[in-house]
Structure formats: C-alpha cells, structure tokens
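Look at the sequence and the model below.

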Amino acid sequence: MTDTISDMLTRIRNANSALLPVVELPHSRMKASIANILKREGYIADVAIDGKPFKKIKLKLKYQGRKGVIEGLRRVSTPGLRRYFGATEIPRVLGGMGMAIVSTSQGVMTGVEARKQNLGGELLCYVW
C-alpha cells in the first residue's frame, strides 16, 4: 500500500455509509494525529489505540439518526502529486463549514489553526 492516509479515509467513508459503529485500521503516528483532530473537531466519537504485536487504531463513528456526521472526505495531496500551501493560501472548505487538515513543521493541525499560527504546509485532506 503506497497511500496509507487515503486508505484511512476510504475505510472511514465506507464504514460511514454502511452505518458501522467502529472502524479498525493499522497504526501510524500520522493517522493517529489525523484521528485525534477528527475527534477534537467533533467528527468522530472516540479514538483508541490497541494491540501488542501490531498496533491498531479504533475509531468510533458518530451518527445523527441514520446519517453520519461526516458527510464527505477528500484526499488532496497524494504521493504522486504533493500539494503545498502557504499560510495565507490554505483554502476554506465549504465556506468554513468543513475543515482542511494540514501537515506543518509544527505537526498536523486544521487549516484554521495553521492560519492563526502563520504556518503553511502539505494539505492532506478535506473533511465536511
């Protein structure tokens, strides 16, 4: 697998459309920080990291009735085409209703936090 972040987003998207309560995915620090951002911003209910020989990330998804809280996920920067933006160029998602996740020199953060700290970086994905 070459693009693990895209795999993570696809697993979340598929579980969300199937109304599954929990998603499991292989652990990496980048995926764990993206999951923590999703939890902090209210898109998922809980994040747990388990496993002795191979760590796994368990995400508990949130639903409103029979519809998921996450309406869409879109990968922006891929291994074949990296997309970098300056602090003033980071796009707003759906006019501020969604969020962009950016990997900066200070770590992974939302687009709003990166703009406040005047940091640019690689635009990983959009969530709305």
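A residue is called buried when its relative accessible area is under 20%, exposed when over 50%, and partly exposed in between, using a 1.4 Å probe and protein chains only. Asparagine 16, at 11% relative accessibility, therefore counts as buried. The model is predicted, so local features need pLDDT of at least 70 and side-chain atom pairs 80 or more, while totals for chains, interfaces and linings use all residues. Residues are numbered from 1 along each chain, and side-chain values use heavy atoms, without hydrogens and water.

Asparagine 16 lies in helix α1. Helices here are DSSP runs of H or I with at least four residues, strands are runs of E with at least two, and both are numbered from the N terminus. Helix α1 covers residues 4-17. Its buried residues also include Ile5, Met8, Leu9 and Ile12. An α-helix has 3.6 residues a turn, so residues three or four places apart point the same way. After α1 comes leucine 19, with a positive phi near 60 degrees.

What does asparagine 16 touch beyond its neighbours within four places in sequence? Asparagine 16 is in contact (heavy atoms within 4.5 Å) with Leu61, Tyr63, Gly68 and Ile70.

Next comes the pocket. A pocket is an open set of points on a 1 Å grid over the protein atoms alone, where a 1.4 Å probe fits, with protein on both sides within 12 Å along at least five of seven lines; lining residues have an atom within 4 Å of a point. The largest pocket holds about 170 Å³, the space filled by probe spheres set on points joined across faces, edges and corners. Its lining has 13 residues, and Gly96, Gly98, Met99, Ala100 and Val112 are the closest to its centre. Helix α3 gives the most to this lining, with three residues.

Definitions and conventions:
Expected span 1.5 Å × (residues − 1).
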